[in-house]
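Hi everyone, thanks for coming. Let me put the model up, and then we can walk from the whole chain down to one residue.

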Amino acid sequence: MSSAIELRVTDTHHDLVIQRPAGGVSLQGRIRIPGDKSISHRALMLGALAQGETIIRGLLLGEDPRSTAECFRAMGAEISELNTEEVRVKGIGLGNLIEPVDVLNAGNSGTTLRLMLGILASHPDRFFTVTGDSSLRSRPMSRVVKPLQQMGAQIWGRKQNSLAPLAIQGQALKPIHYHSPIASAQVKSCILLAGLMTDGQTTVTEPALSRDHSERMLRAFGADLTVDPETNSVTVTGQAKLTGQTVIVPGDISSAAFWLVAGAIVPDSDLTIENVGINPTRTGVLEILERMGADITIENSREVAGEPVADLRVRHSKLKACEISGNVIPRLIDEIPILAVAAVFAEGTTIVKDAEELRVKESDRITVMATQLNQMGASVRELPDGMEITGGTALKGTEVDSHTDHRIAMSLAIAALNAAGTTTIHRAEAAAISYPDFTATLQQAIAR
């Protein structure tokens, strides 16, 4: 049955070809997913800024963490070869990054660039330049540049300092209380990281709770940090001393989301996804799938290095439409493309609102998901801040394109499992950004 999935490699790109046989497919077995991308980035960064050695187990081997590692190696941190077993980071201490001799390249990683800006801007008397690939150079950076400028940062870039390449002249920053107009872990983390070097307390208040991996890890490394859940505020006290730690990275729930939806929509499926991080600031996807009627069981709950972890079992079930909007959006923003696939196979009309952030991700995920799913026969209508998806229309195999967006590539592959005939996903190599083994795992999960 695995021959129904084939990766065709050309000189310029990869095509993922999925051919569903007339009798359909089912997904069975146990799956180990890659390490959490958000936690992998932060472990590398804080390890580089800490005194002593940090050991990271379960690191994501995607291209984005590789970009983070390369940037911090260029600024003096010693980081061993990346692998999933054990990565050793010899930190150089907060404030001791060296001025790099070349441009720092964040690749496709918005997390690398946005979080790193807070670190670079707060290193006085050093000059940095940062860039990324064509996708990252088109993504807005003003959301972190403006608050950093309020702290006294000197940052220059294209389009009124809003687009990379960016140049940073490090300064002694002053603490601020920033009221963020959006709930964004990247914005919050950038300002908190900048606040580590200030003389005083830096506070970020959000309109809703965003993922809290930075807060958990900063505390673990020794930062003085307080959280006020009633006001969605986080405060860090500057002049911190960070000490190297052992970090065990749980599986990424954003990667698990593809299998949760696949197990729910593909008939006769029964999948268990092992070692998934279920941090409550990230479990919006579980809440929505359960509201849609998905059969998901949380098993073997435990805590690993300060992060809640569990195994998730999903079985095929009949899904029903729901509305996805409001405060849950920051907790599942990366999972909306695959939730759109779930909605295609749900009874009724699913509305996604308050998700305009999707338009400035690796692609315009609202437009791209709507156009690609409609090409397959779905009924998806774009909204300014989301989508209206009418479920129940049969999908047919056709040619679609990832638009070099990893979450689009994998979402379309899951949709193709329930599409009649053959689906070809162009530029499927984008999946390697966060999930290098996605295709191999999909082949293994398909059962006769």
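How many helices and strands does the secondary structure of the chain come to? The count is 13 helices and 28 strands, where helices (H or I, at least four residues) and strands (E, at least two) are DSSP runs, numbered from the N terminus.

A word on the source: this is a predicted model, where local features need pLDDT of at least 70, side-chain atom pairs count only at pLDDT 80 or more, and totals for chains, interfaces and linings use all residues. Residues are numbered from 1 along each chain as its sequence is written, and side-chain values use heavy atoms, with hydrogens and water left out.

Now the overall shape. The C-alpha trace spans about 65 × 45 × 40 Å along its principal axes. For 448 residues, a compact globule would have a radius of gyration near 22 Å, and the chain, with 21 Å, agrees. That radius is taken over C-alpha atoms, and the globule rule is 2.2 Å times the number of residues to the power 0.38. Of the 448 residues, 60% are buried, meaning under 20% relative accessible area with a 1.4 Å probe, protein chains only. As for contacts (heavy atoms within 4.5 Å), take those between residues at least 6 apart in sequence: 75% of them join residues at least 24 apart.

Let's zoom in on threonine 281. Where does it sit? You'll find threonine 281 in the loop between strand S16 (270-277) and helix H9 (284-291). Is threonine 281 buried or exposed? Its relative accessibility is 3%, so threonine 281 counts as buried.

Which residues does threonine 281 touch, leaving out those up to four places away in sequence? They are Leu209, Ser210, Arg211, Asp212 and Arg331.

Last stop, H9. Its buried residues include Gly284, Val285, Leu286, Ile288 and Leu289. Among the elements covering the buried residues of H9 are helix H8 (253-265), strand S17 (295-304) and helix H10 (336-344). After H9 comes glycine 293, with a positive phi near 100 degrees.

Terms used:
Buried means under 20% relative accessible area, exposed over 50%, partly exposed in between (1.4 Å probe, protein chains only).
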